[in-house]
Amino acid sequence: MPTQRTCAEFGLRVGTLQRGPLNKISDVPGVTVGHCTMDTDTHKTGVTVVLPCPDDPFAQKLPAAAYVLNGFGKTAGLMQIEELGTLETPIALTNTLNVGLVHDAMVEYMLRRCAQSGTVPRSLNPVVAECNDGGMNDIAHRAVHAEHVFAAIEAAAADFALGDVGAGKGMVCHGLKGGIGSASRIVALDGAFYTVGVMVLANHGCLQDLRIGGNAAGETIAARLAQCAAQTAAPGAPPSAEPTADLGSCIVVLATDLPLSSRQLGRVVRRASVGLARLGSYIGHGSGEAFLGFSTANRVPHESPHAVLAGAYLHEGRIDAVFRAAAEATEEAVLSAMLCADTATGFDGITRHSLCEFAGLFCEK
């Protein structure tokens, strides 16, 4: 597993709520995540799969919601979630041009999974989301195939790697190396403890806008990079400039064991935008932000002898704590993606630096 760094190591405290034991989306019982990574001179890409439960999600669907904050993206499967409010497959993340190939592999996986559980599907709604890693990966080769999807599913575990792994291998966040990040928060309600977990595929923002702990860290880092570039540039070479547009996209996957309805999940996942904004993203024209959320409570059977299903749901007046948990976990998840990602050079020769290289400029320790 790649080196895992935490915000706490750098003296960064995001929010006030208690973290889960792993501080990952997999702190929600039953949720696991797997990666398959391609790291060559030509390809820096991969696939990441979130398994929402250990059993067949088609036979026992999960309440779910999807929200598109800015639709510059190519996701598959969101329309049915928005209409029916349930998730019936794992969630796969990959690069933009691999959505179709990964979708096909997810169909094959679910047909096999349903055969094992004795369910006969007449339709399937695999969910595949993407960010564009074309800045570091030769994306036109579409390197991710079915065997990579199956390998990611096989590798799924609660303690999964963060940073530039899986779908995050070629991602860039706020001008620095991005990737897969995760965090979780604990919410106490009626004497019971529930978990809100978030995983992000962070490939958005521009460096000058990056704020950490309320400080303009991006401006400081940009100045340091410009200074280093000037010292190493050939005499007479024009100064290099970082892009100032908020480009690239961010996918947020939220899981919880709270008994939330699809409508309530929709309200909660929209608060992921707060976490992105706290770090300085203004959700630019060229950035696709898609948020998905699901609950492991109140599973919905594919077939039932009963016309009316029972369920317990959170009182709306108590939902603010869940909103806070979603915002805090999203903010920390993006930071974890950047801190865990190592400096890497793409196929075009451009190097993207890890945020941890500049820890002395913004950390509190």
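Reader: Which ring does the charged end of Lys61 sit over?
Author: The charged end of Lys61 sits over the ring of Phe58, 3.6 Å from its centre. Please note that this is a predicted model.

Reader: And what lies over the face of Phe323?
Author: Arg271 lies over that face, at 3.8 Å from the ring centre of Phe323.

Reader: Staying with rings, how many aromatic pairs does the structure hold?
Author: The structure holds 1 aromatic pair. Tyr67 and Phe291 form this pair, with 6.3 Å from centre to centre and 40 degrees between the planes. The pair is classed as tilted, because planes under 30 degrees apart count as stacked and those over 60 as edge-to-face.

Reader: Which parts does that pair tie together?
Author: Tyr67 lies in strand E3 (residues 60–70) and Phe291 in strand E12 (residues 289–295), so the pair ties together parts that are 224 residues apart in sequence.

Reader: Is Phe291 buried or exposed?
Author: Phe291 is buried, with a relative accessible area of 0%. Tyr67, for its part, is partly exposed, at 27%.

Reader: Moving on to sheets, in what order do the strands of the open sheet come?
Author: The open sheet is formed by 4 strands in the order E1-E2-E5-E6, and the pairing is mixed. Strand E1 (32–39) and strand E6 (127–131) stand at the edges with a single partner strand each, so one side of each is left without a neighbour in the sheet. On average, neighbouring strands of this sheet are turned by 15 degrees against each other, direction ignored.

Reader: How many bridges join E2 to E5?
Author: Strand E2 (residues 44–51) and strand E5 (residues 91–95) are joined by 3 bridges and run antiparallel. Val50, for instance, has Ile91 in E5 as its bridge partner.

Reader: What is Phe362 in contact with?
Author: Leaving aside neighbours within four places in sequence, Phe362 is in contact with Leu12, Ile212, Ala217, Leu339 and Leu355.

Reader: Where is Leu225 found?
Author: Leu225 is found in helix H4 (residues 217–232). Its relative accessible area is 18%, and it is buried, because buried means under 20%.

Reader: What does Leu225 touch?
Author: Not counting residues up to four places away in sequence, Leu225 touches Leu176, Leu207, His353 and Phe358. Leu225 and His353 are 128 residues apart along the chain, and their C-alpha atoms are separated by 9.5 Å.

Reader: One last topic, the backbone. What is the phi of Arg142?
Author: Arg142 has a positive phi of about 50 degrees, although it is not a glycine. Arg142 is placed in the loop between E6 and helix H3 (146–154), and it is partly exposed, with a relative accessible area of 38%.

Reader: And what about the phi of Ile283?
Author: Ile283, which is not a glycine, has a positive phi of about 60 degrees. Ile283 lies in the loop between H6 and E12.

Technical notes:
Residues numbered from 1 in each chain as written. Predicted model: local features only at pLDDT ≥ 70, side-chain atom pairs only at ≥ 80, totals over all residues. Heavy atoms only, no water. Phe/Tyr/Trp six-rings, centres within 6.5 Å; stacked < 30°, edge-to-face > 60°. Helix = DSSP H or I, 4+ residues; strand = E, 2+ residues; numbered from the N terminus. Buried < 20%, exposed > 50% of the residue type's maximum accessible area, 1.4 Å probe, protein only. Lys NZ or Arg CZ within 6 Å of the ring centre and 35° of its normal. Contact = heavy atoms within 4.5 Å. Pairing = 2+ DSSP bridges. Axes fitted to C-alpha atoms, helices over the stretch in contact; angles between N-to-C directions.
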